[in-house]
Number of protein chains: 2
Amino acid sequence: MTTTTLNVKGMTCNHCVQAVESALTELPGVERALVDLKANSVAVQFDESVVTIKKMTEAIEDQGYDV
Amino acid sequence: MTTTTLNVKGMTCNHCVQAVESALTELPGVERALVDLKANSVAVQFDESVVTIKKMTEAIEDQGYDV
């Protein structure tokens, strides 16, 4: 299990926070995700043998945000 | 409920991660905490009517880390 912080552009409200956190935690291998709205970032704890940063990036982009 | 990211110096391993996350989540008003070990940071979701950044900083410092 490892952790990284991704910069996410376009999050403006709690709906965005929920969308990004849910998109991440629904991915197999993602344990926890915590968005910092003011910092435009999301901290993610994940199993790097199961999920890649590329997959997580795509999941966020699918919600309409830039990583 | 709001979120912030604090920079924490001195975390080197998963024991440090647990110590910092537990110190935060044991505080009333702290909802979630997620350490990024490589980034030397912790993202915290908290109720600002219950707990202050000062209190969270002190809780981390009490564990032997610098904020």
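**Salt bridges and the chain contact**

Visitor: Which residue forms a salt bridge with Lys54(A)?
Guide: The closest N and O atoms of this pair are 2.9 Å apart. The partner of Lys54(A) is Glu58(A).

Visitor: What pLDDT must side-chain atom pairs have in order to count?
Guide: Residues are numbered from 1 along each chain as its sequence is written, chains are lettered from A and ligands numbered from 1 in the order in which they are written, and side-chain values use heavy atoms, with hydrogens and water left out. This is a predicted model, where totals for chains, interfaces and linings use all residues, local features need pLDDT of at least 70, and side-chain atom pairs count only at pLDDT 80 or more.

Visitor: How far apart along helix H2 of chain A are Lys54(A) and Glu58(A), in helical turns?
Guide: Helices here are DSSP runs (H or I, at least four residues), strands are E runs of at least two, and both are numbered from the N terminus. An α-helix has 3.6 residues a turn, so residues three or four places apart point the same way. Lys54(A) and Glu58(A) are four residues apart in H2 (residues 53-62), which means a separation of about one helical turn.

Visitor: Is Lys54(A) buried or exposed?
Guide: Buried means under 20% relative accessible area, exposed over 50%, and partly exposed in between (1.4 Å probe, protein chains only). Lys54(A) has a relative accessible area of 60%, so Lys54(A) is exposed.

Visitor: How many salt bridges does the rule find across the interface of chain A and chain B?
Guide: Over all chains, the count comes to four. One that joins the two chains is between Arg32(B) and Glu21(A), with N and O atoms 3.0 Å apart at the closest. Arg32(B) sits in strand S2 (residues 30-36) of chain B and Glu21(A) in helix H1 (residues 14-25) of chain A, so this pair joins two chains. Across the interface, the number of salt bridges is two.

Visitor: Which residue of chain A forms a salt bridge with Glu21(B)?
Guide: The closest N and O atoms of this pair are 3.0 Å apart. Glu21(B) belongs to helix H1 (residues 14-25) of chain B and its partner to strand S2 (residues 30-36) of chain A, so this pair also joins two chains.

Visitor: How much area do chain A and chain B bury between them?
Guide: The size of an interface is often given as the accessible area lost when the parts come together. Here the loss is taken with a 1.4 Å probe and summed over both parts. Carbon and sulfur atoms hold 45% of the area, and the total is about 1100 Å².

Visitor: Which element gives the most residues to the side of chain A that touches chain B?
Guide: With contact meaning heavy atoms within 4.5 Å, 16 residues of chain A are in contact with 16 residues of chain B. Across the interface of chain A and chain B the rule finds two salt bridges. The elements of chain A that give two or more residues to this side are strand S1 (2-7), S2 and strand S3 (41-46). The one that gives the most, with five residues, is S2(A).

Visitor: What arc do the buried residues of H2(B) cover around the axis?
Guide: The buried residues of helix H2 (residues 53-62) of chain B are Met56(B), Thr57(B), Ala59(B) and Ile60(B). They lie on the same side of H2(B), because the arc that they cover, taken from the directions from the helix axis to the C-beta atoms, is only 160°.

Visitor: Which exposed residues does the face of H2(B) turned away from its buried side carry?
Guide: The buried residues of H2(B) pack against strand S1 (2-7), H1, S2 and strand S3 (41-46) of chain B. The face turned away from that buried side carries Lys54(B) and Asp62(B).

Visitor: Which residue of chain A is in contact with Ser41(B)?
Guide: Ser41(B) is found in strand S3 of chain B, and its relative accessible area of 8% makes Ser41(B) buried. Leaving aside neighbours within four places in sequence, its contacts include Leu34(B), Val35(B) and, from chain A, Thr5(A).

Notes. Salt bridge = Lys/Arg side-chain N within 4 Å of Asp/Glu carboxyl O. Buried area = accessible area lost by both parts, 1.4 Å probe.
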